[in-house]
Structure formats: structure tokens, C-alpha cells
Amino acid sequence: MRRWSELAERVAGTTRTSEKTGLLADYFRSLEPDDLPIAAVFLTGRAFAETDQRATGLGWATMSAAIEAVSGADREALGQAYDRYSDLGLAVADVLTGAGHAPDPAVAPTLGEVAAAFAAIEVASGSVAKAVIFRDLVARADPATVKGIVKVLSGDLRIGLREGLVEAALAKAFERPIDDVKRAGMLTGDIGRTAALARDDALGTAELTLFHPLKFMLASPAEDAAEIVRRLGPLVWVEDKYDGIRCQLHKRGDDVRLYSRDLHDVTSGYPEVVEPARGLAWDGILDGELLGLRDGEVLPFVALQARLGRKAPSAALLAEVPVVFVAFDVLGLGSGGGAAVKPLLDVPLEERRRALVAMGLPLADAGGAFALSHLASADSAEALEAAFSEARARRNEGLMVKDPQSPYSPGRRGYGWLKMKKALATIDCVVVGVEVGHGKRHGVLSDYTFAVRDEANDRLVTIGKAYSGLTDAEIAEMTRWFEAHTISTHGRYRVVEPTVVVEVAFDVILRSARHRSGFALRFPRIARLRTDKPAAEADTLATVTRLFEELQPGAERLVTAGARAAVVPPVDEDATKRRDSGRRRPA
Ligand code: AMP
């Protein structure tokens with residue numbers, strides 16, 4: 001593990017992509033067969049492969065308590081170190097070094113032992129049992145190694161590495177075509193397994209497997225109809241954008257399972273879809289959206305929220321918020337025996353849709369549990385605007401515009417799909433700090449400071465602060481979560497583990513030196529929690545910049561009401577810097 005941590009350090013030390021790939025390739029080649037998959041998975045900032053259902057469930061409170069116990073350092077020192085680095089791994093290493101933590105190198109944990117400890121932490125029940133295993137690991141590892149362990153556990157490597165780079169390094173290490181590596185990665189959803197296949201020259205054997213969720217294809221945001229036609233045109237497909245819960249349905253015989261956007265098995269939460277699906281005559285994988293639908297009426301997302309995370313919904317809840325599966329894609333169909341299914345990922349959307357329609361899903365109109373997404377085509381900005389208004393009239397969120405020739409690209413946010421949302425723009429941000437509220441919100445952590453991802457510099461940059469628009473129950477639940485995941489406290493303000501994503505609505509994007517991002521939002525409000533999105537998928541500074549430019553007055557816009565951009569007069573930068581030293585003291 002020590003070598004892995006050193007490698008991570010060296011990768012972080014260069015900004016040149018080719019150097020990063022070269023370092024990784026040499027390292028991969030040097031590993032023992034058993035270590036290669038573990039090292040590759042860890043390098044994507046995960047304790048387990050992405051499609052693996054396991055999670056260690058180890059929070060910062062448990063980790064920091066273990067580090068205190070081993071080193072004697074107090075929690076405040078850890079919090080202060082985090083404020084200096086904004087990086088849990090660096091903070092921990094710094095505190096352990098300061099405390100003279102220097103275990104005998106003879107007991108240093110190997111990669112395999114770290115992986116085994118993560119697996120043991122996952123099965124251990126309760127934070128005390130988990131803490132014991134973690135503490136043992138920390139006790140045996142020197143500060144540089146613990147840094148690596150904590151980075152993997154917190155899912156935040158910050159070494160300028162994306163999965164694509166790890167794939168490129170595997171291709172280089174074992175001299176395989178990059179497209180073969182990517183394809184295997186897409187099918188297995190497990191970079192560790194892909195690494196082993198690359199080494200064994202067996203990439204061609206990767207199969208699309210039922211009950212192994214595929215990463216979802218994502219859409220890029222767009223506000224401007226003309227831009228959409230320019231990018232995807234002349235003829236584009238438009239589907240309603242349903243305000244529901246993204247879902248992948250896998251089926252073989254009467255075995256049916258549903259997976260959420262973060263690839264978790266959510267089957268037990270939606271019996272009204274699962275039970276009727278069991279009897280259908282095909283085996284395969286569908287992509288779609290679970291949507292609240294009662295008496296033919298689409299229910300608003302707030303109603304559907306009651307179903308989120310419920311493992312065993314009550315009969316009353318099922319009656320009050322019934323859902324259907326709105327199918328918009330088919331990713332694999334017809335099994336050749338076993339768990340493998342024929343992939344349809346590379347065939348154009350046009351053909352996939354034909355296959356989907358031919359499946360004869362039992363539709364809600366006729367009492368079934370399915371629907372097909374509303375589909376039309378458009379060949380001009382005007383036609384798109386008309387389609388947008390019609391989708392809104394059907395009480396849907398907006399449009400998904402798709403290129404009928406596009407393949408299904410798991411995990412990619414490309415330009416094959418573009419989303420056109422509501423009148424007011426929203427962005428998905430990561431909560432980096434929280435404060436107790438005022439008045440009725442006194443005593444709960446209801447004021448959030450949030451950030452977007454600055455991809456170029458691999459960091460989060462603040463963009464605003466808002467009073468939570470969440471329900472009292474959600475605020476109470478989030479208060480408990482934030483209390484358990486506080487990294488440091490500064491008076492009323494707490495720096496928290498940057499993992500919670502919220503969708504923030506606003507009226508105007510402003511250029512402003514008040515926040516690290518260089519932008520501020522006018523009238524920001526928290527529209528909803530995005531428990532389905534990891535922080536790595538929050539919106540980026542590049543998206544904010546593009547929205548700012550697109551929303552400039554005068555630019556042709558799909559939506560005339562609401563979102564627009566403005567430039568505010570320059571502000572006294574020193575004053576704002578004093579007020580806003582990044583995460584620590586938000587404006
Ligand atoms: P957003 O969550 O705002 O990033 O928008 C992307 C999400 O829109 C997807 O993850 C889906 O959950 C959802 N969506 C709704 N309708 C569709 C559709 N017809 N095609 C694809 N995605 C859709």
C-alpha cells in the first residue's frame with residue numbers, strides 16, 4: 001500500500017497527462033496479478049468497483065476518532081489541518097506526522113490487506129466495529145500510507161486522475177488498443193476486472209451481464225435551442241424530460257432487479273413495477289425513469305420524494321404515490337443462456353428505439369406498469385421551442401434532445417443527449433459548509449454554502465450560500481448527517497465533508513469576486529437534495545461559465561422568462577477576500 005500511495009503522490013506531482021499515464025503504466029506492469037485489480041480500483045478513488053454494491057459506510061466522525069486514538073492528536077488539530085489543505089488525506093498525514101506516528105515497517109499493510117480490511121469494514125455492523133478495523137489499519141501504516149487509505153475511503157483522490165486516464169494507462173501497460181479497454185470497462189463496470197482482462201489479453205471476453213448495472217448515459221445541459229440544432233441537427237429527436245428517478249431494469253425470467261443512478265439495487269422499493277415485469281416474455285436491460293403517476297396524472301417530484309430510499313414502502317404510500325417505469329432505451333436484449341445478454345450499446349438510438357417499441361411493454365394507459373417516453377422529432381429551433389412548451393404542458397420538466405444516430409455511452413456526459421430544463425436554470429452543487437439557521441430554523445443546520453467543480457484545478461470552488469428550501473424533515477435528517485460529517489467548526493460555521501449534492505435554482509448568474517468560482521448566483525435557493533448524484537458528478541465551473549455566456553442578454557434563448565446573466569460592477573476584491581477565504585469563512 002505504501003508503494004500505491006507513493007505512486008499516487010507522483011501522479012499528483014505532474015500535470016502532464018502523458019507523464020501520468022506513463023507512471024501508471026510502469027506501475028501496473030510491475031504489480032503481482034492479485035494486486036493489479038485492487039490498485040486499479042483504488043486509483044479511481046473507490047474502495048470497491050463502481051458497480052459493486054458494497055460501501056464501507058465509514059464516516060469522517062469514525063475515521064477522525066480512530067486517528068485521534070492512534071496518534072493522540074485532538075480533533076481540533078485535524079480540523080485545522082483540513083482547513084489548511086481542504087483535503088482529508090493530506091490533513092490526516094500531516095497530523096499523524098506531527099504526532100510522531102511511525103509504526104514498524106515490518107507490519108505495514110499490503111494492498112491486499114487494505115482491500116481485505118475495507119471488505120471487513122463493510123460487513124462489520126455499527127460504527128464501533130468498523131472503527132476497530134480502521135484503527136488497526138492506521139496503527140500499522142505510516143502517515144504517507146494512511147494518506148492513501150483515507151483518500152480512497154473518502155472517495156477524493158485529488159491526484160488529477162480520471163477513469164479515462166487509468167484506462168489509457170492499462171492500454172499502454174499491456175499494449176492493448178484503448179478502444180478495447182474502454183469497451184471492456186463499459187461492459188464490466190469494474191476497472192479492476194478490466195485491468196485483469198487487459199493483462200491476460202482477454203478484453204474480448206468481456207460481456208454485458210445481467211444484474212451488473214451499467215453506468216448511465218448522461219446528458220449535457222443546454223438552454224439555447226439554436227445551439228442544440230447546431231450541435232445535433234439538422235434533425236433531432238425530442239423526448240419529454242420526466243421529473244422522476246432514473247432507473248435501470250434488469251430481467252432474466254422472473255428475476256427482475258432495479259438499479260438507481262448510483263448503481264444501487266433499489267428493487268424492493270418499487271414492487272408495483274417489479275412484480276408485473278416478472279411475467280414479461282423477454283430478458284434484457286432497460287433504461288428509464290420511475291415516475292409518479294396517479295389516475296393518468298404525472299405527480300410532481302416532491303410527491304415521489306416520499307418513495308426515495310424506502311426499502312419497503314407501506315401499502316398506504318404505494319396507493320398514494322404509485323409509480324410507473326417510463327422506458328426510453330434498451331441496452332441489451334435476449335439472453336444467450338447464462339447471465340450474458342446481447343449488447344445493443346453500439347447500435348444507433350433509432351434502432352434501439354425500434355427494438356424497445358417491439359418489446360410490447362404493458363403500458364399504463366392499459367393498466368400496465370410501463371410507459372414509453374414521449375418521442376417526436378424537430379428540425380429547427382422553432383420546432384424545439386414548440387416541443388418544449390408541449391412537454392411542459394404535459395407537466396414534464398423539459399426536453400431531452402437526442403441524436404437518433406447516437407450509441408449508448410455508459411457513464412459519459414457527451415453531446416449525444418442534451419437536456420433542456422425548466423424556465424429557471426439550476427445547477428448541481430456540492431455542500432462544503434453549513435450553518436445554523438435563524439428564527440424557526442434556529443438549532444438546525446439549514447444554511448448551506450455550496451461549490452461547483454473546478455475540473456482544471458481538481459478542486460471545489462464556492463459559488464454561493466442559500467437557506468435550505470428543503471422540508472423540515474429533510475433539514476432535520478441532513479442536520480444529523482452534517483453533524484456526523486463535520487470536519488472543523490468556526491463559530492456558527494462548520495466545514496463539512498464535501499459529498500452532499502444539492503440542486504440550486506437561481507435567477508441570474510453574476511460575475512463576482514465574492515466566491516472562489518468568480519461567479520455568484522442571484523436569489524439562489526435549494527431546489528432539492530440530489531442523493532442520487534455523487535460529488536464527482538456535480539456541475540463544473542466550465543458549465544457555469546458556459547451558462548453565464550449563453551444567458552447573456554441578447555443571446556437567443558429557448559426560455560425567455562427567468563434565467564439571464566448580468567455583470568455586476570467590480571467589487572472591492574480585498575474586502576471580499578477577507579470575507580471569503582474559500583471554504584473557511586464564506587461570505
Ligand atoms: P439531470 O438529472 O438534470 O442531470 O438530467 C438528466 C436526467 O434526466 C437523467 O438522469 C434522467 O434521470 C432524466 N430523464 C428524464 N427523462 C429522460 C429521457 N427521456 N431520457 C433520458 N433521461 C431522462
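The following questions and answers concern a predicted model.

Reader: Is K151 buried or exposed?
Author: K151 has its place in helix α9, which covers residues 143-154. Its relative accessible area is 8%. Buried means under 20% relative accessible area, so K151 is buried.

Reader: Which strands stand at the edges of the open sheet of five strands?
Author: The sheet has mixed pairing and the order β1-β12-β11-β2-β10. A strand with a single partner has one side left without a neighbour in the sheet, and the strands in that position are β1 (218-221) and β10 (375-378).

Reader: By what angle are neighbouring strands of this sheet turned against each other on average?
Author: The angle is an average over neighbouring strands of the sheet, with direction ignored. Its value is 40°.

Reader: Which residue of β10 stands opposite V238?
Author: Strand β2 comprises residues 236-241 and is joined to β10 by four bridges. The two strands run antiparallel. In β10, the residue opposite V238 is A376.

Reader: Which helix packs on the sheet with its direction at about 135° to that of β11?
Author: Helix α13 (residues 225-232) packs on the sheet and touches β2, β11 and β12, but its direction is described against β12, at about 150°. Another helix, formed by residues 381-393, touches β2, β10, β11 and β12. The helix whose direction makes about 135° with that of β11 is α18.

Reader: How are α10 and α12 oriented to each other?
Author: The axes of α10 (residues 163-174) and α12 (residues 191-199) come within 9 Å and cross at roughly 15°. The crossing is right-handed, and the contact is made by residues including L170 and F174 of α10 and A195 and A198 of α12. Angles under 35 degrees count as roughly parallel, and α10 and α12 are therefore roughly parallel.

Reader: What distance separates the C-alpha atoms of E9 and A222?
Author: E9 lies in helix α1, residues 2-12, and is partly exposed, with a relative accessible area of 43%. Along the chain, E9 and A222 are 213 residues apart. The separation of their C-alpha atoms is 37 Å.

Definitions and conventions: Residues are numbered from 1 along each chain as its sequence is written. This is a predicted model: local features need pLDDT of at least 70, side-chain atom pairs count only at pLDDT 80 or more; totals for chains, interfaces and linings use all residues. Side-chain values use heavy atoms; hydrogens and water are left out. Buried means under 20% relative accessible area, exposed over 50%, partly exposed in between (1.4 Å probe, protein chains only). Two strands pair if DSSP finds at least two bridges between them. Axes are lines fitted to C-alpha atoms, for helices over the stretch in contact, and angles run from 0 to 180 degrees between N-to-C directions. Contact means heavy atoms within 4.5 Å. Angles under 35 degrees count as roughly parallel, over 145 as roughly antiparallel, 65 to 115 as roughly perpendicular and the rest as oblique. A crossing is left-handed if the near helix is turned anticlockwise from the far one by less than a right angle, and right-handed if clockwise.
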